[in-house]
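Student: I am new to this structure. Could you show me how to read its features, one at a time?

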Amino acid sequence: MRRGPKPDPAAVKVAKGNPGKRRVGADPAQPLATSAGGVLPPHWLKKGGLKVWQRLAPNVARLKLLTPVDAESFARYCRNLDRWLVMQDVLDKEGETYESESAHGKLKRVNPAFLIGDRLARMLETQESVFGLNPAERQRIFAARSMTPDPAGDLFGPRASSAAEAAAEPAAPASPLGLLN
């Protein structure tokens, strides 16, 4: 059993700027060519889940976090999001509780749609972190990107090559007396 947080996909590590400075291997799931140039949803994704896919998949694919191998997992996320939206509609109409009669009198009970929606919400939170769909994960990615220097240069011009940087640095003085001059 693995301890600690799940490892990020290579695309997420690259987007964060590789904060651990370890070698980032390629994702084992290399994108395959599809007829539309993007990732196609699985055949079992229907109705509302397909609408969620069509709304979210282009953005996730643009971030390079969705490949054909990930299509099943992302489709599951889309289906669960659609189900959660349906449960929210039910709760808006019926409320979070209902009253029932028993031998002890009237009891207020939790609407089953509330419990289902709560369980779906917890699953969605987990799945959103995998695909970078929550604000906290995006913020970490943007912060990591801002901390990495741009190899093309910055405000003061293009970056010098490593050989030019080494030549531009002055030689270390031979004695400590020359250090202060």
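Student: Where is Asn80 found?
Tutor: Asn80 is found in helix H3. Helices (H or I, at least four residues) and strands (E, at least two) are DSSP runs, numbered from the N terminus. A word on the source: this is a predicted model, in which local features need pLDDT of at least 70 and side-chain atom pairs count only at pLDDT 80 or more, while totals for chains, interfaces and linings use all residues. Residues are numbered from 1 along each chain as its sequence is written, and side-chain values use heavy atoms, with hydrogens and water left out.

Student: Does Asn80 count as buried or exposed?
Tutor: Start with the cut-offs. Buried means under 20% relative accessible area, exposed over 50%, and partly exposed in between (1.4 Å probe, protein chains only). Asn80 has 6% relative accessibility, so it counts as buried.

Student: Which residues does Asn80 touch?
Tutor: Contact means heavy atoms within 4.5 Å. Not counting residues up to four places away in sequence, Asn80 touches Leu120, Met123, Leu124 and Gln127.

Student: What should the span of helix H4 be?
Tutor: The expected span of a helix is 1.5 Å times one less than its number of residues. H4 has 20 residues (112-131), so it should span 28 Å. Its end C-alpha atoms are 29 Å apart, which agrees.

Student: Which residues of H4 are buried?
Tutor: They are Ala113, Gly117, Leu120, Leu124, Gln127, Glu128 and Phe131. Seen down the axis of H4, these buried residues fall within an arc of 105 degrees, so they line one face of the helix. The arc is that of the directions from the helix axis to the C-beta atoms. Helix H2 (47-62) and helix H3 (71-94) are among what covers them. On the other side of H4, Arg119 and Glu125 are exposed.

Student: What caps the N-terminal end of H4?
Tutor: Asn111 does. One of its side-chain oxygens lies 3.1 Å from the backbone nitrogen of Ala113. After H4 comes Gly132, with a positive phi near 65 degrees.

Student: How many salt bridges does the structure hold?
Tutor: First, the term: a salt bridge is a side-chain nitrogen of Lys or Arg within 4 Å of a carboxyl oxygen of Asp or Glu. The structure holds one. Asp118 forms a salt bridge with Arg122, and the closest N and O atoms are 3.0 Å apart. Both residues lie in helix H4, four residues apart, about one turn of the helix. Asp118 counts as partly exposed because its relative accessibility is 36%.

Student: Which residues of the largest nonpolar core touch the most other members?
Tutor: A nonpolar core is a set of buried Ala, Val, Leu, Ile, Met, Phe, Trp, Tyr and Cys residues joined through side-chain atoms within 4.5 Å. The largest one has 19 residues, and Trp53, Leu66, Phe74 and Tyr77 touch the most other members. Helix H1 (10-16), H2, H3 and H4 each supply at least two residues of this core. H3 gives the largest share, six residues.

Student: What is phi of Lys47 near?
Tutor: Most residues other than glycine have a negative phi. Phi of Lys47 is near 45 degrees, a positive value in a residue other than glycine. Lys47 is found in helix H2. At 71% relative accessibility, Lys47 counts as exposed.

Key. Polar contact = N/O pair within 3.5 Å; in protein donor to acceptor, adjacent residues only side chain to side chain.
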